[in-house]
Amino acid sequence: MATERVTSILKHLSPGSPLATITSKNPDDIVITLAIRTPLCKGKKGGFKDTSVEYLMYAILKAARERLGFSPGLVEDICMGNVSDGKAAYKARAAALSAGFPNTTGVSSLNRFCSSGLKATADIAHQIIAGSIEIGIAAGTESMSIGGDSLEQPFDEEVTKHSQEAVDCMMAMGWTSENVARDFGLSREAVDEFAAESFRRAEAAQKAGWFDDEIVPITTKVKGADGETRTVTLTKDEGIRPGTTAAALGKIRSAFPDWGPITTGGNASQVTDGAAAVVLMKRSKAIQLGLPILAKYVGSTVAGLPPRIMGIGPTVAIPKLLKQHNITLDDVDVVEINEAFGTMAVYCRDFLKLDWAKLNPRGGAIALGHPLGTTGARQIVTGLSELRRTKKKILLTSMCIGTGMGMAGLFVNEQ
């Protein structure tokens, strides 16, 4: 073990090596000075069930503003990932103003399904690289208690008649999960085993307090069974089910029996409410402002694949990103994959030959939940916290994307 660690350190330090390039510190690097999230709460029955999406946006932006370490007037743009609210752009702007950002700070919203939080991070980073802004905030917010990602009506037949894959873009995510299971021969036992381990890791992490430096307390109002509204302060993730076993999960009936027998409410991501935010700027600006540098943004990419098996998106996005930076999975210390379904998580792990010990070491969306627009930012927050705890370096995040895509991001811990 010691020999492996020495070898890893030497690879990082070897002049001119890809890892040396990635981990080097230069004035123009894009760095993260703050990475926080709310607790993740059960959709429709948890602590945020009566909280509006604009309040969640306000709460995470207010928490970020209070922890910036500099005047909020220096923040030039905020990009908010959100999937289910068609009025997100209005609400994000109002939330930012109420949270204490001046009207000189721009705000936008974006939606690339489950990658929205990572795309927001990439968009802010790329604006800084291009010289459009100096400081920005990337965030993600989702109230799945209120919204969802299902279509209200079918697409225009004049569009769909030209392509079966266009038709497949309308299909439910559960259908895609069962396609992955059937196409690649995944067993219910393997998927339940993965899900049980996600719960076990999340339970252990919560008991050990590992999530505490990720989460900012959020005060909101919740209506009780008696109809009374109470003010509560939320500090813990709610989806973790202590003592979950593969055997217990194996007794849960299929969620989509018309499409297949593998996916259940126990081995798929949970319906969840929550938000996350990341502050980005150049290293030179962070040094000028005297800010702690948490991490370096190295890069990100997106890749496409058939919509009917959208869940395996990380298997096309991750190799593409690693090739761009000339590194391998052996160089990565922590991998965060979204666990939209146990099917996609098992396939991605096995196809990419991921070291399971490195994959979602604090559990993933099966145990923690998957607030769609938030996940891409939440993974950054969680992954960097784990790297700080273990004193390791390289974080790779990735997620599948509805309609058939995958995205991946690469970061270096500097704490």
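Analyst: W356 has a relative accessibility of 24% and therefore counts as partly exposed, the class between buried (under 20% relative accessible area) and exposed (over 50%), with a 1.4 Å probe and protein chains only. The model is predicted, so local features need pLDDT of at least 70 and side-chain atom pairs pLDDT 80 or more, while totals for chains, interfaces and linings use all residues. Residues are numbered from 1 along each chain as its sequence is written, and side-chain values use heavy atoms, without hydrogens and water.

Consider first the rings. Rings of Phe, Tyr and Trp (its six-membered ring) pair if their centres lie within 6.5 Å; planes under 30 degrees apart are stacked, over 60 edge-to-face, and the rest tilted. By this rule there are six aromatic pairs. In one of them, F194 and W356 have ring centres 5.5 Å apart and planes at 10°, so this pair is stacked. F194 belongs to helix α9, whereas W356 is in the loop between α13 and α14 (365-368), so the pair ties together parts that are 162 residues apart in sequence. Helices here are DSSP runs (H or I, at least four residues), numbered from the N terminus. F194 has a relative accessibility of 2% and therefore counts as buried.

Elsewhere, R389 lies over the face of W210, at 3.5 Å from the ring centre.

F194 and R349 also take part in the contact between two helices. The axes of α9 (residues 188-208) and α13 (residues 342-352) come within 9 Å and cross at roughly 95°; these axes are lines fitted to C-alpha atoms over the stretch in contact, and angles run from 0 to 180 degrees between N-to-C directions. On the α9 side, the contact is made by A190, V191 and F194, and on the α13 side by G342, T343, A345, V346 and R349, where contact means heavy atoms within 4.5 Å.

The rings of Y347 and F351 are 5.5 Å apart from centre to centre, with 20° between the planes. Both residues lie in α13, four residues apart, which is about one turn of the helix. Y347 counts as buried because its relative accessibility is 13%, whereas F351, with a relative accessible area of 45%, is partly exposed. Together with F184, Y347 and F351 form one aromatic cluster.

L352 is also placed in α13. At 11% relative accessibility, L352 therefore counts as buried. Leaving aside residues up to four places away in sequence, L352 touches P314, T315, I318, P319 and L329. By contrast, the C-alpha atoms of L352 and A172 are separated by 26 Å, and these two residues are 180 residues apart along the chain.

In α8 (residues 173-183), eight of the eleven residues are buried, so α8 is largely enclosed by the rest of the structure. Among these buried residues are G174, W175, E178 and A181. The cover over the buried residues of α8 includes α7 (164-168) and α13. After α8 comes G185, with a positive phi near 65°.

Definitions and conventions:
Lys NZ or Arg CZ within 6 Å of the ring centre and 35° of its normal.
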